[in-house]
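Colleague: Hi! Could you walk me through this model while I have it open?

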Amino acid sequence: MADAKASEGVDRREAISLALGWTGFVGACAAMGAGTVRFMFPNVTFEPPQQFKVGFPSAFSVGVSEKYKSEFGVWICRNDEQIYALISVCTHLGCTPNWLEGENKFKCPCHGSGFDRTGLNFEGPAPRPLERAAVKIDDDGQLLVDKNRKFLYEMGQWDDPASFVAFKA
């Protein structure tokens, strides 16, 4: 009887088991192959340009412009003498502060650091003032901000003529 069963070949239960096994193996190989192909095409994050034009100097009134904060990560600030670009990254842990017009200060929502209109830190854990980006008047008369060049207050670099544009009313 055992010989008769052996001569019949594979019964239905064994065939289903064998088919499921091979299906699982082929599926695992396909998933591994898809993962390998996906690895060859990594995610690319968008980074805004580091040099950009923000408009003509006469378009900025005294105060802080938040127009370029979300797109380029800078505030364009103007006082009576100059226009400068503050980089909108808190010097504590890198959060993005908010400009509070009513309180005339930048306030970091993460840990409470406060910066005055010029970018100097005066409250909270931030160890140093905000950084300035290079700014100049381009050939067409517009302000050109260059975030590749940063100026640090504690190094005396805010006095560098490349860190601001003298405003002539």
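Colleague: Which ring does the charged end of Arg132 sit over, 4.3 Å from its centre?

Modeller: That ring belongs to Trp158. The charged end of Arg132 also sits over the ring of Tyr84, 4.0 Å from its centre. A charge sits over a ring here if NZ of Lys or CZ of Arg is within 6 Å of the ring centre and within 35 degrees of the ring normal.

Colleague: Before we go on, what are the ground rules?

Modeller: This is a predicted model, where local features need pLDDT of at least 70 and side-chain atom pairs count only at pLDDT 80 or more, while totals for chains, interfaces and linings use all residues. Residues are numbered from 1 along each chain as its sequence is written, and side-chain values use heavy atoms, with hydrogens and water left out.

Colleague: Thanks. How many bridges join S9 to S10?

Modeller: Six bridges, and the two strands run antiparallel. S9 covers 132–137 and S10 covers 143–151. Strands are DSSP runs of E with at least two residues, numbered from the N terminus, and two strands pair if DSSP finds at least two bridges between them. One of the contacts across this pair is Ala134, whose bridge partner in S10 is Asp146.

Colleague: And what about the turn between S9 and S10?

Modeller: S9 and S10 make a hairpin with five residues between them, and Gly141 in the turn has a positive phi of about 90°. S9 is also joined to S4 by two bridges, again running antiparallel. There, Ala85 stands opposite Ala133 in S9.

Colleague: Changing topic: which residues touch the most other members of the largest nonpolar core?

Modeller: Val54, Tyr68, Val74, Ile76, Leu143 and Val145, in a core of 16 residues. The elements that give two or more residues to this core are S1 (51–55), S3, S4, S9 and S10. S4 gives the most, with three residues. A nonpolar core means a set of buried Ala, Val, Leu, Ile, Met, Phe, Trp, Tyr and Cys residues joined through side-chain atoms within 4.5 Å. Buried means under 20% relative accessible area, exposed over 50% and partly exposed in between, with a 1.4 Å probe and protein chains only. As general background, nonpolar side chains tend to be buried together in soluble globular proteins.

Colleague: I like aromatics. How many aromatic pairs does the count come to?

Modeller: Six aromatic pairs. Rings of Phe, Tyr and Trp (its six-membered ring) pair if their centres lie within 6.5 Å; planes under 30 degrees apart count as stacked, over 60 as edge-to-face and the rest as tilted. Trp75 and Phe106 form a tilted pair, 4.3 Å centre to centre with 40° between the planes. Trp75 lies in S3 (residues 74–78) and Phe106 in S6, so this pair ties together parts that are 31 residues apart in sequence.

Colleague: Are Trp75 and Phe106 buried or exposed?

Modeller: Both are buried, with Phe106 at 0% relative accessibility. The rings of Trp99 and Phe106 have centres 4.7 Å apart and planes at 55°, so that pair is tilted. Trp99 is buried as well, at 7% relative accessibility. Elsewhere, Phe52, Tyr68 and Phe72 form one aromatic cluster.

Colleague: Where does Trp99 stand relative to S6?

Modeller: Trp99 stands opposite Phe106 in S6. Three bridges join S5 to S6 (residues 105–107), and the two run antiparallel. They belong to an open sheet of four strands in the order S5-S6-S7-S8, with antiparallel pairing. Its edge strands are S5 (98–100) and S8 (121–123), each pairing on one side only.

Colleague: Last topic, cysteines. Which ones form a disulfide?

Modeller: Cys95 and Cys110, with sulfur atoms 2.0 Å apart; a disulfide is a pair of cysteine sulfur atoms within 2.5 Å. The S-S torsion is about -105°, so the disulfide of Cys95 and Cys110 is left-handed. Cys95 sits in the loop between S4 (82–87) and S5, and Cys110 in the loop between S6 and S7 (114–116), 15 residues apart. Cys95 is buried at 18% relative accessibility, whereas Cys110 is partly exposed at 39%.
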